[in-house]
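Reader: Hi! I'm new to reading structures. Could you walk me through this one?
Author: Happy to, let's have a look together.

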Amino acid sequence: TTELVIDGDVRFEHLRKSMVLDLAESLRTNYHLKTIKVNNVELGNVFLLTLASSIKANFTLETLDLRNNSFTSEALAAFCEAMAKNKSLVKVDLRKQHSPMSLQAELAAIKTLTGNKVVQDFRIELRSDKCGEVLEMIIARNKKKNKVMTSADYDKKLIAYLKEEANLAEKLEAERKAGESDINTPLTDDWDYLYELAERANTYI
């Protein structure tokens, strides 16, 4: 399936925190999901912060609807900052959260959001009318310039991503053999995953 929809499902609210975070983290390498709508389930800042990190690498997710959750200023601002590096999300809705961004965070978030050239519908509650105007200008600019990603574009992004992961796998393996691997280095615990990516990347070279 290419769509995940959850609205007010109490079973989701009772999932272990680690499982919910796994969902956000998995989007970093998920090549199938195009739409995520998770509303009214009390998602918190840790989820959105993790998701913010994932969308920097994800290039297939197009629609994200996280209305009516429990995000606050810190996580909302971090997500907006991450959007500057995302090249696939076209529609985002983050309205009706626990609290809106602070004015200072809002100004910084909108400034970084100007770096996004893809999103065409970004809905979030703003305190400043000026920030709202800038957001409208960003959306208008993107609608004029945006083009639909072709299958060739997708293949190029996938190959580039797999090569990057393969290079990381080789680097981490070399560090491990030298006894210099940092236990905090991302993905060091998942060698099988890294080698799988390396092999998949090599088939495209």
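Reader: Which residues are linked in a network of salt bridges?
Author: Good place to start! Keep in mind that this is a predicted model. The network of salt bridges links Asp65, Arg67, Asp93 and Arg95.

Reader: How far apart are the closest N and O atoms of arginine 67 and aspartate 65?
Author: They are 2.7 Å apart, and the two residues form a salt bridge. Arginine 95 and aspartate 93 also meet through their side chains in a salt bridge, at 2.6 Å from N to O.

Reader: And is aspartate 65 buried or exposed?
Author: Aspartate 65 counts as buried, because its relative accessibility is 7% and the cut-off for buried is under 20%. Aspartate 93 is buried too, at 7%.

Reader: Nice. How many salt bridges does the count come to?
Author: Four. One of them joins aspartate 121 and arginine 123, with 3.0 Å between the closest N and O atoms.

Reader: Switching topic: what is the strand order in the open sheet?
Author: The five strands run 1-2-3-4-5, with parallel pairing. Strand 1 (3–7) and strand 5 (121–123) stand at the edges with a single partner strand each, so one side of each has no neighbour in the sheet. On average, neighbouring strands are turned by 5° against each other, direction ignored.

Reader: How many bridges pair strand 1 and strand 2?
Author: Five, in the parallel sense, and strand 2 covers residues 35–39. Within that strand, valine 38 stands opposite isoleucine 6.

Technical notes
Residues numbered from 1 in each chain as written. Predicted model: local features only at pLDDT ≥ 70, side-chain atom pairs only at ≥ 80, totals over all residues. Heavy atoms only, no water. Pairing = 2+ DSSP bridges. Helix = DSSP H or I, 4+ residues; strand = E, 2+ residues; numbered from the N terminus. Axes fitted to C-alpha atoms, helices over the stretch in contact; angles between N-to-C directions. Buried < 20%, exposed > 50% of the residue type's maximum accessible area, 1.4 Å probe, protein only.
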